[in-house]
Amino acid sequence: MRRLLASSIVSSIGVACATALVLPPTLPAAAATASRADSVAAAARYDLPGSTRSLPLRPLGALARAIGSPAAGELGLTRRDVRRFSMVGVVWDDPDTELHGRVQVRTRATGSGVWSGWQDLETHNDDAADPGAAERASGRVRGSTAPLWVGDSDGVEVRVRAESGAPAKAPAPRTRAASGAAALPSGLRLELVDPGGQGGAPGTPGAAPRTGTLGAEPAEALAASAANADVAPLGATEIPELSRAATERELRTLGEPELTAAQRAKPYIGPRPRIITRRGWGADEKLREKGFVYTKKVKVAFVHHTSSGNGYRCSQAASVIRGIYRYHVKSMGWRDIGYNFLVDKCGNIYEGRAGGVAKAVYGAHTLGFNTNSMGVAVLGSFGSHKPPAAALRAISRLTAWKLGLYGANPRGKAYLTSSGGNLYRKGKNVRLQVISGHRDGFATACPGTQLYRKLGTARSTAARYQGR
């Protein structure tokens with residue numbers, strides 16, 4: 001199957017195309033809405049690629065200082081000046097160790113000098129590569145909180161308090177034991193992420209789309225763009241939306257062998273939505289591992305929220321994604337950003353993990369169920385906040401198209417085999433909604449109660465877009 005080209009072959013194709021990319025890329029027509037223009041306008045150039053600073057946490061409480069042990073009191077950092085950053089998170093050594101406690105940060109806004117109140121970081125960051133996968137067994141993967149978007153900042157304070165009576169290490173599969181000494185994971189570090197930007201100091205959102213020729217950029221950027229060559233011009237910053245009829249014609253050219261003759265004759269597929277590419281949101285392709293990893297098909301779409309807070313503007317969404325990407329790769333040790341797609345509060349859709357938006361790219365989003373699935377993450381936190389209607393509509397449009405490429409009914413159910421997690425043992429065949437929430441495959445609050453409640457509407461809307 002053409003979608004299952006070996007990663008080395010895809011990479012070599014991208015490099016081989018370099019000579020064909022010396023001309024300025026042909027860009028799709030500009031979007032009409034302000035939110036769409038803002039999202040592309042925030043894309044970064046490689047001249048300001050961003051940075052990550054890692055600071056070890058120290059004992060804060062008097063008892064902890066006396067004992068010299070993180071098992072007592074608090075760990076953290078007192079107020080300090082730091083280089084500018086916009087996203088913050090906490091990581092630790094063992095990805096199989098859970099942090100049972102509370103993590104809070106305060107940050108100082110650059111320019112105004114005003115300190116925020118204490119903000120909580122979500123300690124159970126359950127997006128992950130599957131057990132036994134090469135990505136998880138690399139030796140670089142770390143435990144982590146979810147990242148929090150705080151905006152352009154130059155001061156920070158953090159405190160981590162252990163939860164009384166909770167164990168430091170959860171027995172496999174990652175479940176909480178009934179008793180144990182209060183402790184914090186070893187190797188706790190604060191990660192300060194500058195997502196990079198254009199036309200200003202690091203961390204400042206850009207004011208214009210990426211310019212210059214793709215041929216002048218790294219080989220990894222060439223390969224990432226080449227992976228989308230079946231749906232967009234090489235070097236495109238966005239993949240334009242198509243009509244239903246044009247999408248059906250494209251489906252036949254993509255040549256999916258899983259589709260039956262009947263499905264080809266009368267396909268159920270939603271119109272392809274507009275998708276901002278990795279080039280469009282300013283991915284530094286040198287960060288990720290080379291090559292791509294594919295699975296066979298896409299049978300289930302898992303919906304997530306990023307738990308990164310709702311305090312971003314749509315013009316900052318590209319910066320938020322660059323921050324998450326850097327956090328996933330540099331701080332958590334993954335091969336690439338974990339999600340296959342991301343959606344912002346204005347309904348813009350972004351390409352996530354590299355490998356091609358129409359292909360079955362193997363992600364790191366739902367521990368135990370990354371095979372034959374995709375992960376769609378909405379930027380924000382939706383435990384108590386209702387998801388915007390534009391974001392829900394984007395989920396429906398995206399899933400109607402992508403699931404339609406593989407003949408899946410958004411209102412249907414499908415079987416996936418668990419590779420191990422805290423809900424289903426390894427090898428268990430699990431029947432799931434074709435559009436599921438993260439919590440359906442793993443014991444987690446994700447995608448937040450308010451977003452999870454809306455998935456029924458997303459299923460119905462996506463099925464309607466498919467013409468069912």
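This is a predicted model: local features need pLDDT of at least 70, side-chain atom pairs count only at pLDDT 80 or more; totals for chains, interfaces and linings use all residues.
Residues with under 20% relative accessible area are taken as buried, those over 50% as exposed, and those in between as partly exposed.

Side chains of opposite charge can pair when their charged atoms come close. The structure holds 20 salt bridges. One of them joins Arg102 to Asp120, with 2.8 Å between the closest N and O atoms. This pair links distant parts of the chain, 18 residues apart: Arg102 sits in strand E4 and Asp120 in strand E5 (residues 119-121).

Asp81 and Arg108 form a salt bridge through their side chains, at 2.7 Å from N to O. Asp81 belongs to strand E3 (residues 74-92) and Arg108 to strand E4 (residues 101-109), 27 residues apart. Asp81 is exposed, at 60% relative accessible area. Arg108 is buried, at 17%.

A salt bridge of 3.2 Å, N to O, connects the side chains of Asp93 and Arg189. Asp93 lies in the loop between E3 and E4, whereas Arg189 lies in strand E8 (residues 189-194), 96 residues away. Asp93 is partly exposed, with 41% relative accessibility. Elsewhere, salt bridges link Arg278, Glu285, Arg288 and Asp336 in a network.

Glu250 is placed in helix H5 (residues 244-254). Its relative accessibility is 11%, so Glu250 counts as buried. The side chains of Glu250 and Arg272 are joined by a polar contact of 2.6 Å. Beyond neighbours within four places in sequence, Glu250 contacts Asp230, Val231, Leu242, Arg272 and Trp401.

Definitions and conventions: Residues are numbered from 1 along each chain as its sequence is written. Side-chain values use heavy atoms; hydrogens and water are left out. Helices (H or I, at least four residues) and strands (E, at least two) are DSSP runs, numbered from the N terminus. Buried means under 20% relative accessible area, exposed over 50%, partly exposed in between (1.4 Å probe, protein chains only). A polar contact is a pair of N or O atoms within 3.5 Å; within protein, one must be able to donate a hydrogen and the other to accept it, and residues adjacent in sequence count only if both atoms are side-chain atoms. Contact means heavy atoms within 4.5 Å. A salt bridge is a side-chain nitrogen of Lys or Arg within 4 Å of a carboxyl oxygen of Asp or Glu.
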